[in-house]
Amino acid sequence: MEEILKYFPELTEEQRQRFALAAELYKELNAKINVISRKDIDNIFTHHILHSLAIAKVHPLPSGSLVMDLGCGGGFPGIPLAIMFPEVSFMLVDSVGKKIKVVEEVVKGLGLKNVEPHNKRAEELDVKVDYVVSRAVADLKPFLGWCWNKIKGGDGRGLLYLKGGDLTEEISEGIKPYKGISLCRLYKISDIFDDEYFDTKKVLYIRKG
């Protein structure tokens, strides 16, 4: 927990307990259903929970928002963000059933009332949300194709995307077909968290309207 508390000392006792329990639940479930590399599971606080929470540092999610984690895998960044923002509602969406099974078990184990898991593809969802969040699901251009028309727009709404490497060309090419982009900003996570794991990792914020 030290990694989390270093950057989020204001956490309530309930939030601290949930983050600690989340790590234990993932270690237990991952032994049965592999959604995190077994070599990486011991780094869950830094590589998965803290990484997800970079979004909270860049753009805190307003109370009352509806957020879709598209391609949520085992629940990142959605579950850490749901713990951090209990007044925000989250849809965790993935087309792979075993991954959503893990999400369902973690949500149940943590007693999270603000998370709804969905075993669906993006195109099957007829919904409008305030934000889409995700972690390195695909190149930006196709990913925006799946989610851009599902974001309401205005009031800072948009996409918050965790991705690594040099994204210059991917961003310039990726955003060309899409209308209504009022801001596109890249944040280096190494400016937020000092662990070397984050040296090449970034948060991309694309604001709609």
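Hi everyone. A quick word on terms before the tour: helices here are DSSP runs of H or I with at least four residues, and strands are runs of E with at least two. Counted that way, the protein has 7 helices and 7 strands. Please keep in mind that this is a predicted model.

So how are those elements ordered along the sequence? The pattern reads α-α-α-β-α-β-α-β-β-α-β-α-β-β.

Now the overall dimensions. For 209 residues, a compact globule would have a radius of gyration near 17 Å, and the protein comes in at 16 Å, which agrees.

On to packing. Buried residues make up 52% of the 209. Taking contacts with a separation of 6 or more, 71% are between residues 24 or more positions apart.

What about the surface? The protein exposes about 9,800 Å², with carbon and sulfur atoms supplying 47% of that. As for charges, there are 30 positive and 30 negative ones, and their mean positions are 5 Å apart.

Let me finish with the rings. The structure holds 7 aromatic pairs. One of them joins phenylalanine 193 and phenylalanine 198 in a tilted arrangement, 5.5 Å centre to centre with 55° between the planes. Are these two partners buried or exposed? Phenylalanine 193 has a relative accessible area of 1%, so it counts as buried, and phenylalanine 198, at 0%, is buried too. Both belong to a cluster in which ring pairs link Tyr7, Phe8, Phe193, Tyr197 and Phe198.

Thanks, and I'm happy to take questions!

Key
Residues numbered from 1 in each chain as written. Predicted model: local features only at pLDDT ≥ 70, side-chain atom pairs only at ≥ 80, totals over all residues. Heavy atoms only, no water. Rg over C-alpha atoms; globule rule 2.2 N^0.38 Å. Buried < 20%, exposed > 50% of the residue type's maximum accessible area, 1.4 Å probe, protein only. Contact = heavy atoms within 4.5 Å. Areas by Shrake-Rupley, 256 points an atom, 1.4 Å probe, with all protein chains shown as cover. Lys, Arg positive; Asp, Glu negative; His and termini not counted. Charge placed at Lys NZ, Arg CZ, Asp CG, Glu CD. Phe/Tyr/Trp six-rings, centres within 6.5 Å; stacked < 30°, edge-to-face > 60°.
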